[in-house]
Amino acid sequence: MSVLEELLKWSQERPSWQRDALRRLVQNGDLSDDDLHTLTEICKSAHGLADEQDIVPLGKEHVPDAGTGAAPVSLQSISHHRGVNALAEDQTLRFSPKLTVVYGDNAAGKTGYIRILKGACRTRGQERILGNVVSGAAPPTPVVSIKYKVGTEPDPREWAGNGADDFISRVSVFDTHCAAVYLTEKTDVAFRPFGLDLFDKLVRACKAVRAQLEREQRALASSALVTVQNEVPQGTAVAKLLASITSLTRPEAVQTLARLSKDEEGRLALLEKSLLDLQANDPEKLTRQLSLRAGRVQALARHLTAVELALSADAIKAVFDARGEVRRKAEAAKNLRTATFPAEMLDGTGSDPWTALWEAARHFSDEVAYSGQAFPVVTEDAHCVLCQQNLDHETCERLKRFEAFVTSTSEQELQQARDILTNRRAGFVELKLTTEATEEAVKEIRIEHAAVADAVTEALATNERRRKAVLLALAEEKDHDADCPALETVTEDVDAVAAQIAERIETLRTSATDDTRKRMTEEVLELRARKLLAKHEQVVLDEIERKKKHAAYGLCIDETKTQAITQKSTAVTKAAVSQRLKKGFRDELKSLAFRHAEVELTEAGGSEGVLYHKLILTRAPGVELPRVVSEGEQRCLSIAAFFAELSTADDHSGIVFDDPVSSLDYKWREGVARRLVHEAKTRQVIVFTHDVVFLLLLKQFAEELGVEQLDQHIRHLSKGAGVCAEELPWVALKVAKRIGHLKKLFQDAEKLHRDGHQSVYEREASVIYGYLREAWERGLEEVLLGGVVERYRPGVQTQQIGRIADITTEDCRTVETAMTKCSRWLPGHDQAAAARADIPDPDALGADIETLEHWVHGIRKRRG
């Protein structure tokens, strides 16, 4: 199973936000600030601290096929503009995509360029770049740049010294500090198979998310509960509840305890007053006063009951129903009148005024005119009691009809309905809501029950408006208005006050013992505590919510713990890296022929997703390596560890070595040189060195292995250190290159001669003859002796011996003659004054250089 497949399987059991984070890391390589914010919200949403988020966990469709890793990064050049150490300004050091050897003597400026590279690339220890602190002036701000290429991209990228660069940081630097780290410290595996780095990145994501969660958790408002607890009487149920509040406390429990019923409110008021009563100096007098007050309050309650009954919905309905009944009966009587009285009769006949006239006539007849005879009297001699005229037959019949009409049932029922309406309306007209007695009673209540007194006053005012609205509707023959004020009932409250006063009286008479007072006090404290809880209910509920959030944040933070990630990373690393790393270290030691001590690379624990390794002595694991092996062996082991680490990588980005053979003798130099050149076949290798022998070994192996190589020479000149040139130092040049260099020097000297600078010309010519003699010596080794033996090379090339069989006496004489002539003009050779001759002119000097060139060409041509 590949690393990514193992990661995918393991991720199924991880929190949702981590699965989403792994998907983002696989797709994008890193997490942006926006990603981290979203992941934090996903983590919070799982515990109710944020709205639900869209989650896309890592799945098979997101896992790429195993490939060859990231595109390699190679350096093209490093430019120093100003401000680094004592480096000369505006210098550029260029690099080959394969092997680049940068040679410079001690103090030539190599370290300055290495420090720039360490500031940008991966290294085991970065250094702060200093300016020229020995110049005597304030050093300028460093200005540098590094150009590099990523894979086959056509255009180079540039790092200008401003922060980390994910690409250039894949180039690795090996120097003395790095060597010490490998020897004395446990190190993480910086180069890992594709996918293994996701554990490290997930750990970093956990830290970032955790930091944000902890900030938000700390930002939760501090609790105001302490203030409430200080107010609540100790020992009460409320105090116990507040002391035990947790994230699991049910809000309903708080709300239930905070709600006092009306009876409980009344009970608290009663107890508080009763306790005060019990402290009275004259309980009997207080009892009498309370009894009088109770009587007045009870009378008010009875009055309010009567008012509420008189203005009740039933009473109002009854009066309006009575008016409706009158209307119906009047309509029935009207219909009867119409049927009884012909149209030719006077208008209004049968109406109420007419009926009143008729009844008056009846009264006059019964009481005066025809006492004892049934009204109307219609005998022959009878007269009309109204007009005093004789009655004819028609008139008699009309009078009989009038009496029949008046004495009919309809008229009687109408009269009865009118009487009922009059009585019911009188109940509203005569109702007096506010009297002197009620006002006095309200004042009495207000002494201790202001709220009840206000309620009674308001109820009386409202009910008075209700009474007037009913009477107005009756007077204006309108229906009962829906906007009529509603009936306000306060009798129950007044009854409660009366009952409370009665209980206080009873308490005064029966509850004077200490135990009774104690029980009453405890009950008062409980009820007061509950009232305080009601007052601060929201504070308590907010505290429960705060604790819930705090606990939820705790659960979120638990999800950011890295132990499980470290354990899995360790297991996968052991399977995918450790064995490979150990084998690579053994192979590197074998390649370097290191057999002097048994040293192995072993695991050294893990932390936050990172597995560490350390070099130990196999037979003495508790002894520190530097105390046993020499400096040269230490450097060899460090290089082996560095290359072993590289062997675990799918990334073939460039590597930089700073004096890798420092402290190495000839036994190790050759093996290290061969290893570096061999590595340059698959990646960019840049070597900084001051060791000429090592330089020549690198060139030798590069030629043998067919590796493209670029030479760079760093010198310390008058304008500063680190002056760059694409050339080898003179001591490392082959004879052909030396001849080319001599020709260039000759041209400069010849110009001096032409310009009349004779003394300067002679000085330069003397130096040229010194170089010319060294070129003849190199020609002797390289050309005449065919490279069988060379300086700076430990071995003898015996396979070349056959080629020197053609050496002639003339070949040897030419060398001897030329070197003798050169020696004559070497600087430092003192000659007798009489024997001193002039320095050869340019023609002679040029001819001497050509002699060497022809000699080299002739031997090589002869040997084919």
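The entries below go from aromatic rings to cysteines to the backbone.

**Ground rules.** I am working with a predicted model, where local features need pLDDT of at least 70, side-chain atom pairs count only at pLDDT 80 or more, and totals for chains, interfaces and linings use all residues. I number residues from 1 along each chain as its sequence is written, and my side-chain values use heavy atoms, with hydrogens and water left out.

**Aromatic pairs.** I searched the whole structure and found eight aromatic pairs. I pair rings of Phe, Tyr and Trp (its six-membered ring) if their centres lie within 6.5 Å; planes under 30 degrees apart are stacked, over 60 edge-to-face, and the rest tilted.

I looked at Trp730 and Tyr771: their ring centres are 4.6 Å apart and the planes stand at 50°, so I logged the pair as tilted. Trp730 is in the loop between strand E13 (720-725) and helix H25 (735-754), while Tyr771 is in helix H26 (residues 758-784), so this pair ties together parts that are 41 residues apart in sequence. (My helices, H or I with at least four residues, and strands, E with at least two, are DSSP runs numbered from the N terminus.)

How buried or exposed are these two? Trp730 is buried at 13% relative accessibility, and Tyr771 is partly exposed at 28%. My cut-offs are under 20% relative accessible area for buried, over 50% for exposed, and partly exposed in between, with a 1.4 Å probe and protein chains only.

Next came Trp776 and Trp855, with centres 5.1 Å apart and planes at 50°, so this pair is tilted. It links distant parts of the chain, with Trp776 in helix H26 and Trp855 in helix H28 (residues 842-863), 79 residues apart. Trp776 is buried at 1%, and Trp855 is buried at 7%.

I also noted one aromatic cluster formed by Trp354, Trp358, Phe375 and Phe402.

**Cysteines.** How many disulfides are there? I count zero, taking a disulfide as a pair of cysteine sulfur atoms within 2.5 Å. For Cys384, the closest cysteine sulfur is in Cys387, 3.6 Å away and too far for a bond. Cys384 is buried at 12%.

**Backbone.** Most residues other than glycine have a negative phi, and most peptide bonds are trans. Pro376 is in the loop between helix H13 (352-369) and helix H14 (393-406).

Asn85 has a positive phi, near 45°, and Asp90 has one near 55°. Asn85 sits in the loop between strand E1 (73-82) and strand E2 (91-94), and Asp90 is also between E1 and E2. Asn85 is buried at 15%, whereas Asp90 is exposed at 57%.
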